[in-house]
Amino acid sequence: MNLYEGMFLLDNNVVREDWNEAKATATGILEKHGASVTTARRWAERSLAYTIQKRNRGSYLLVHFEADPDKISIMRRDLELNETVMRYLILTCDGVPEGEAELHEAELSADFSVPEPPEDHVVDSDEEEESEEGEGATEEASEEAPAADAPAEEAKAEETPEAEEAKTEEAEAPAEEAAEASEEQTEEKSSEEA
Amino acid sequence: MARPVKKATRPCDDPRLDYKDLETLSKYLTPQGQIHARRRTGYCSKCQRELKQAIKRARHMGLLPFVGS
């Protein structure tokens, strides 16, 4: 038997209904394969760094458990198949960290309640398309006015390292040329009209 | 023969880097989400590997971005 640390990303929709039920699905899979859970506690509820399974928020469960090393691969397969567990991470660990047992005990007490997870803005495919169109429109606008773009690039260059500064300088030069060229063209046109 | 001494920002006997310690890890990411190079972190090869491992674990769990916003 080895000691492991497991982190599970749980679906907020299940957590909203009942935290203990969501927790039990994860720990249940571990116990099904002969693991003994030492501590299990809510680690955080936070917004994800990127969209996972069309969700932008999730609840994290931190578990320390003892298990047979041969059973870990079977646990992994079960966790992959489970829909409540969106992501998981199982690592070996030397010992249960200090304070972890107290937090586990605190969660078992009767007056412990899980705050309601905030509403998740689920990204639909339609919305994505709309936002892409919006970006395209702004790009077109910037192409039409290359001279207006130049100050923005200068501002960027101040923030970014030297390597990128060189790039933006190169980019500015053709933009200015283009602006001059367009001015010449308009002058020619006006002279023709006259 | 004296070896060239590298300026280390973190002594190797410090506590190990943990994937849950997002405050520390996010210091070693560029705004685009890339991990800082050795010459920027000043870490020895062992510590740099530890840093890489911790950041990649955090990324897998959706705690840190693969690509910055």
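Tyr28(B) is buried, with a relative accessible area of 14%; buried means under 20% relative accessible area, exposed over 50%, and partly exposed in between, with a 1.4 Å probe and protein chains only. Tyr43(B) is also buried, at a relative accessible area of 2%.

The model is predicted, so local features need pLDDT of at least 70 and side-chain atom pairs count only at pLDDT 80 or more, while totals for chains, interfaces and linings use all residues. Residues are numbered from 1 along each chain as its sequence is written, chains are lettered from A and ligands numbered from 1 in the order in which they are written, and side-chain values use heavy atoms, with hydrogens and water left out.

Chain B has 3 helices and 0 strands, where helices (H or I, at least four residues) and strands (E, at least two) are DSSP runs numbered from the N terminus. The order of its elements from the N terminus is α-α-α. Of the 69 residues in chain B, 38% are buried. Contact means heavy atoms within 4.5 Å; among the contacts in chain B with a separation of 6 or more, 58% are between residues 24 or more positions apart.

Gly68(B) touches Pro31(B), Gln32(B) and Gly33(B), leaving aside residues up to four places away in sequence. Pro31(B) and Gly68(B) are 37 residues apart in sequence, but their C-alpha atoms are 5.8 Å apart in space. Gly68(B) counts as partly exposed because its relative accessibility is 22%.

Chain A has 7 helices and 4 strands, in the order β-α-α-β-β-α-β-α-α-α-α from the N terminus. Its 194 residues include 32% that count as buried. Of the contacts in chain A between residues at least 6 apart in sequence, 73% join residues at least 24 apart.

Helix α3 of chain A covers residues 72–81, and its buried residues are Ile72(A), Met75(A), Asp78(A) and Leu79(A). These residues lie on the same side of α3(A), because they cover an arc of only 120° around the axis; the arc is that of the directions from the helix axis to the C-beta atoms. An α-helix has 3.6 residues a turn, so residues three or four places apart point the same way. The face of α3(A) turned away from the buried side carries the exposed residues Arg77(A), Glu80(A) and Leu81(A). The cover over the buried residues of α3(A) includes β1 (2–10), α2 (19–32), β3 (55–67) and β4 of chain A.

Aromatic rings come next. Rings of Phe, Tyr and Trp (its six-membered ring) pair if their centres lie within 6.5 Å; planes under 30 degrees apart count as stacked, over 60 as edge-to-face and the rest as tilted. By this rule there are 4 aromatic pairs over all chains. One of them is the stacked pair of Tyr4(A) and Phe65(A), at 5.6 Å centre to centre and with 25° between the planes. Tyr4(A) lies in strand β1 and Phe65(A) in strand β3 of chain A, so the pair ties together parts that are 61 residues apart in sequence. Both Tyr4(A) and Phe65(A) are buried. The pair of Tyr28(B) and Tyr43(B) is tilted, because the ring centres are 5.3 Å apart and the planes stand at 55°. Most residues other than glycine have a negative phi, and most peptide bonds are trans. Gln53(A), in that loop, has a positive phi of about 50° although it is not a glycine. Lys54(A), placed in the loop between β2 and β3 of chain A, has a phi near 65°. Gln53(A) is partly exposed at 46% relative accessibility, and Lys54(A) is exposed at 57% relative accessible area.

The largest pocket has a volume of about 670 Å³. On a 1 Å grid over the protein atoms alone, a pocket is an open set of points where a 1.4 Å probe fits, with protein on both sides within 12 Å along at least five of seven lines, and lining residues have an atom within 4 Å of a point. Of the 23 lining residues, the closest to the centre are Glu5(A), Arg16(B), Leu17(B), Asp18(B) and Arg57(B). α3(B) gives the most to the lining, with 4 residues.

Conventions:
Points joined across faces, edges and corners; volume = space filled by probe spheres on them.
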